[in-house]
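Please look over the chain below before reading on. The report then takes it piece by piece.

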Amino acid sequence: MSYLSSVELPSQNESRRDGSRSDLLRPDEVAQRLLQQTQACVRCGLCQPHCPTYAISQTETESPRGRISLAAALAQYRLGEAFGDAADALDHCLSCRRCESVCPAGVTFDALMADARALVRSKRAPDWRQRGLEWAIAKRWPLTLGWPVLRLAQTLLPSRWIPSVPAIPASPARAGIHAARGVSRGRLALFTGCVAQRLDADVHRAAIQVLTRLGWDVWLPSGPLCCGALHRHAGELAGAAAQAVSTRQALMADTAGCTAVLVAASGCYADLRTASAPTGVPVHELLAFVADDAALPTLPLRASSDSVIVHTPCTQATAVGRSDAAVKVLAAIPGLRVESLPDRGCCGAAGSNALIDPERANVLCSGLLNSMSGSAASTLCSANVGCRIHLAAGLSERHSNMRTQHPIERLAEHLQ
């Protein structure tokens, strides 16, 4: 019997009527599925220059091609004493999906890595911080009770003792229906997420201001909902499936009559789209939706003489496929000068990566921060909450006065 045979993981093949995973794949079956996925790779190496971790180390095992070879060996139980080093290399992957965007063979690297990490987890427990995050999200109540404690700690304790998070809004955006200004064009649901429900509360309030001015009724859920991305990326497939089912049920109960579900955090987009698929209501990333809204040019906006710099999160470029959305939205503000950061790879936030592996995350972030030196921009705009927190921490360490915002916050500031 293999070391994996006693752990059950969720299947991606069959579903119940409510869309949840009804059957469980045994780890040997997950290994078989993983092996099939690895066989799609043609070993061409075109992905190598696009991999942020390979750019740091120039080591084959820190590249997509190298990790696919490690995953194949893992699936065939051939690693032996090399398991620890292989597991580390698999853990270092940022799930940025940049390799997917250039792969001629169409390897679904994101799904492959989730399966590989699921097998790793069956032998080696993940970092305690990862387990703590998963527990808090699954239970929900730690999120509700924890934010006031963290806010108080931010007030009373030295900043070096507090996790690198921005000032936490006092309360989440008000749940329920927010009516359109003027004649309603329809109803939208705004997915607020789990951690983002509080950390992105000001973004959600700004989104409501913009969307209602564009003529949309906006519905917000009353409690934290999770798309499952944080669990799935770490290989906790059963937990990810459970979060997806819970979110799907909430959306099915409350999105009747909604034209679409919007999500402000680009990192949640892909998993939310999968989770909500059975509802029949399409999911859109907030910036992409606003950028494509025909009413955007009609918004009454105050002019600006300021300049901003735009960071495009990996997930917005790869999963959403709209690298242009932030610039298009900000360009609607008269007079605002918009710069785009050069593509230097992932910022290192990568879900929980900045918390679990801060040293590597800071190395990745430093290249982006260096490229901003000499810029006259007052604000760095990014569409993903994790990226903004990580970049803001890096700017703070450099004693920079540049603030960070979601682009929709900047748009809302200029509404007349």
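## Basis of the model

This is a predicted model, where local features need pLDDT of at least 70, side-chain atom pairs count only at pLDDT 80 or more, and totals for chains, interfaces and linings use all residues. Residues are numbered from 1 along each chain as its sequence is written, and side-chain values use heavy atoms, with hydrogens and water left out.

Helices (H or I, at least four residues) and strands (E, at least two) are DSSP runs, numbered from the N terminus.

Helix H13 spans residues 269-276. It is largely enclosed by the rest of the structure, because 6 of its 8 residues are buried. Buried means under 20% relative accessible area, exposed over 50%, and partly exposed in between (1.4 Å probe, protein chains only). The buried residues of H13 are Tyr269, Ala270, Asp271, Leu272, Ala275 and Ser276.

These buried residues pack against two helices, H11 (229-233) and H12 (237-254). They also pack against strands S4 (187-191), S6 (258-263) and S7 (283-285). Contact here means heavy atoms within 4.5 Å.

## Strand S4 and its partners

S4 is mostly covered, with 4 of its 5 residues buried. Two strands pair if DSSP finds at least two bridges between them. S4 runs parallel to strand S5 (residues 217-220), joined by 3 bridges. Within that pairing, Arg187 has Asp217 of S5 as its bridge partner.

S4 also pairs with S6, again in the parallel sense, over 5 bridges. There, Leu190 is partnered by Leu262 of S6.

Strand S8 (residues 307-311) pairs with S9 over 4 parallel bridges. Ser307 has Arg337 of S9 as its bridge partner.

## Salt bridges

The structure holds 22 salt bridges. Each is a side-chain nitrogen of Lys or Arg within 4 Å of a carboxyl oxygen of Asp or Glu. One of them joins Arg33 and Asp115, with the closest N and O atoms 2.7 Å apart. The pair links distant parts of the chain: Arg33 sits in helix H1 (residues 27-38) and Asp115 in helix H6 (residues 109-121), 82 residues apart. Arg33 counts as buried at 10% relative accessibility. Asp115 is buried too, at 0%.

Glu134 and Arg121 meet in a salt bridge at 2.9 Å, N to O. Glu134 lies in helix H7 and Arg121 in H6, so the pair ties together parts 13 residues apart in sequence. Glu134 is buried at 7%, whereas Arg121 is partly exposed at 21%. Glu413 and Arg403 also meet in a salt bridge, at 3.2 Å, N to O. A network of salt bridges links Glu62, Arg67, Asp357 and Arg360.

## A nonpolar surface patch

Trp135, Trp141 and Leu145 form a nonpolar surface patch, with about 370 Å² of accessible area together. Patches are made of residues with over 30% relative accessible area and no salt bridge; like charges are joined within 9 Å, nonpolar side chains (Val, Leu, Ile, Met, Phe, Trp, Tyr) within 5 Å. Accessible areas come from the Shrake-Rupley method with a 1.4 Å probe; for residues, only the protein chains shown count as cover.

Trp135 lies in helix H7 (residues 128-139). Trp135 counts as partly exposed, at 44% relative accessibility.
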